[in-house]
Amino acid sequence: MSTSGFALFGANPVFDKPLPFGQLYFSSWERYQESFRGIFERQYYTEYGPLNQQIEQKLQQFLGVKHAICVTNETIGLMMVASAMGLKGKVILPAFAFIGSAQSLSWAGLEPVFCDVDPDSHQIDINQLAELVDKDVSAIMGVHLLGGACDPQALAKIAEAHGVQLYFDAAHAFGCAVDGVQIGNFGRAEVFSFHQDNILNATEGGCICTNDDDLAARLRTMRSSAGAGKPVEVTKTVNGRMSEAQCAVALMSLKDFPKNRQNNQNLHKIYEAQLAAIPGLQLVKPSGASVSNHQNVVCRVDESKFGISRDLLVELLEAENVNVRRYTHPGLHRSIPYVHELPQYLERLPNTDALSSSCIQLPIGALVTAQSVARICEILNRAHFAAKDIRAKHMSIATQTN
Amino acid sequence: MFSTPKPTSNLVRPDFDKFLDYSKIFFDRHQYTDDGVMVNQLEQRLAAFHQTTFCVAFCSGFWTLALGITALARPGKSEIVMPSFTYRRMADIAAWTRLKPHFCDVEEDTLANSAATVRPCINDNTALILGVHPIVKFCDIDGMVDLAREKNIPLLFDSVESVYESYAGRRIGSFGAAEIFSLGASKLVNGFEGGYLTTNDAQLAERLSRLRNFGFDRQGHIAVHGGLNAKLNEMHAAMALAGLDDLEDQVERNRERYLTYKRLLAPLKGIRLYEFDESQKPGYKNIVIETLEDWPLSRADTVSILNAEMVLARAYYTPPLHRKRIAYPHVPAELPVTDRLAERFILPPCGHLVSNADIADIVELMSFIAANASAVKAHLQQQAELSA
């Protein structure tokens, strides 16, 4: 098959304009206007205002958790949790995770210990985790990936057996559940992200969930929001507030959640059906969760069967105006500054290395239609059949450029 | 006296239709954060406003300052010199950057730090000098710029309270290595939450725009260490842009409030209005008054009586940071001028929710307190005994 049909080699792109990557669910313009008119009338802009109180109550109800504490964004939320839990020394987390998870530890003065992941589920490797706990470790940060869940019960057993604390980065997991228990209820705290790329969108934002009253009181004091309960003693405060504007958008997004999850599920099914027919592309199904939000479409590219590498496939799709991501590439242990500061992990995490060099994340969300999924899969199909020619042409262009 | 609280927060409300016009731009692009068009527009407007080459926006003033410190601090050094008579979370910001606050004293006539108060705090461990502009007028800009140059230590200005002001013919924004500002709802430009840093240093601006986004460069690689998520979202940027459109009118409204206080407080014995220097083109956002020797009540009693009447006056930067219990490493300090000043100043209500008629009522209340000081004191004494 010829390469002439691909935008990477001069053809017109399949999509006229870039197809965005994130979930990007947002209210209608009419609802936005109405909601913000209310804020302007009340003249209450931040500091635990009426919408902040409302969203926290609704999140508590929705998740069945005692405390939902909204924050500026998830990374700041993770930093607050690490500080409010009084963590010291080292914290274990999977290396196959977003950089912000590790950075939250560095900002809290903690050293990350990188654990490998399971090659199939992509979630933290429970067996290796147990071996990594030593006297300097004060906590485990579980990370729920891809609309699935790491095994919170197994992690709880390990944490309890070793006397260390357990909390979760639940950025991808809003609305997911494990055996009927909503994510948000595990460990001492779980932190969601309300960034536009996730199913619950506050533009930026996040939420710390906990069933621990003392921890909640410390977090509310730390966040520095007037009127959010009686202040208690904390080591240091932050500005971790989520504004009334963010809360307004989050409230509308929460209302739309069932509809948006259904849309994700429908699109996911189309991807699943169409990708199954393409050799060398394996859709990673959300694992470990009894209910998923289906917010991530991640594919593992087996170059030997698909014909071209993950990195070349990224170039090819982006040329067609399909925004994709190299999913958590590179692993945290190969990212600045950990690659220099903690070189001991470089040879220890083979599954993370293999996954971070072979996974690709495809668009799913508000701006993705069934038709666009079909067109993306059609590009992937054509790429597979033209793989040999694509490789050769790409190589020859690279040689000429050099 | 009032049925609704009269705050000291600016809480300025921009024109709603303008906010919607800006919002429609990002709404139609379906991009709500991550270096969006509103944030870019805001940064350009603010750089032009402050007469600097670069402006980098962040999610709050708190994290603007934390990342500014991170980017500028001398590597391997452990202390940051800062006043104690300042924003209540200033030392916490330093603690998040893992630098030790080394508190310096302030000048009696500016309520702010100066070359003379900073110099004794400089040592081999000094990583950074933080010059902090007070609520009214300036800290010692020239003196600290010269000192920083002499000692080869970076100087960062916290200019949260001096957005509109000019010094030596230039608007605040381009002094020292960089200056930081807030877009919080209580500030001159209300962005719900937010902050920004201005500088003429291209490398610094580039580094900070990466640090606020986890350290990612434009190719999506982590290029610098020390990053986190400190991005400003598009709604907040839209709000700040609408606020900038209204800024000249707002300053005029603020000035009217200031002049009302000035006129009405003039006959009140024992209270002195801390006056702006009109030549510095102030923004007149907050009002500072001083309780003098002949004011018949303590500052604390005055504030609590006002608060009980929904006049949410606040004690100015009290307690100072060196008098608070601090649970992280810091350099203990004896600061006699700060201690003395910390007992005297009050921030009375101001901003968008306070009318000139409210100000007349507030001053009348203060006159009443002064005229009936003995009875008021006796009543307070009685209350204290009862609660004991």
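What percentage of the 402 residues in chain A is buried? In this predicted model, buried residues account for 55% of the chain.

The overall dimensions of chain A were examined next. Its C-alpha atoms occupy a box of roughly 70 × 55 × 40 Å along the principal axes. The radius of gyration is 22 Å. For 402 residues, a compact globule would have a value near 21 Å, so chain A agrees with that expectation. The secondary structure of chain A consists of 15 helices and 13 strands. Contacts between residues at least 6 apart in sequence were also considered; in chain A, 73% of these join residues at least 24 apart.

Helix α3 of chain B spans residues 61–72, and helix α7 of chain B spans residues 202–211. The two pack at an angle of about 125°. Their axes lie 10 Å apart. Angles over 145 degrees would count as roughly antiparallel and those of 65 to 115 as roughly perpendicular; at about 125°, α3(B) is therefore oblique to α7(B). The crossing of α3(B) and α7(B) is right-handed.

Residues from both helices form the contact. Helix α3(B) contributes B:Leu67, B:Thr70 and B:Ala71. Helix α7(B) contributes B:Leu204, B:Arg207, B:Leu208 and B:Leu211. By class, the contact of α3(B) with α7(B) comprises five nonpolar residues, one polar residue and one charged residue.

How values were computed
Residues are numbered from 1 along each chain as its sequence is written. Chains are lettered from A and ligands numbered from 1 in the order in which they are written. This is a predicted model: local features need pLDDT of at least 70, side-chain atom pairs count only at pLDDT 80 or more; totals for chains, interfaces and linings use all residues. Axes are lines fitted to C-alpha atoms, for helices over the stretch in contact, and angles run from 0 to 180 degrees between N-to-C directions. Helices (H or I, at least four residues) and strands (E, at least two) are DSSP runs, numbered from the N terminus. Angles under 35 degrees count as roughly parallel, over 145 as roughly antiparallel, 65 to 115 as roughly perpendicular and the rest as oblique. A crossing is left-handed if the near helix is turned anticlockwise from the far one by less than a right angle, and right-handed if clockwise. Two residues are in contact if their C-beta atoms, placed from the backbone, lie within 7 Å. Ala, Val, Leu, Ile, Met, Phe, Trp, Tyr, Cys and Pro count as nonpolar, Asp, Glu, Lys and Arg as charged, and the others, Gly among them, as polar. The radius of gyration is taken over C-alpha atoms; the globule rule is 2.2 Å times the number of residues to the power 0.38. A residue is buried if 20 or more other C-beta atoms lie within 10 Å of its own, exposed if 12 or fewer, and partly exposed in between; C-beta atoms are placed from the backbone.
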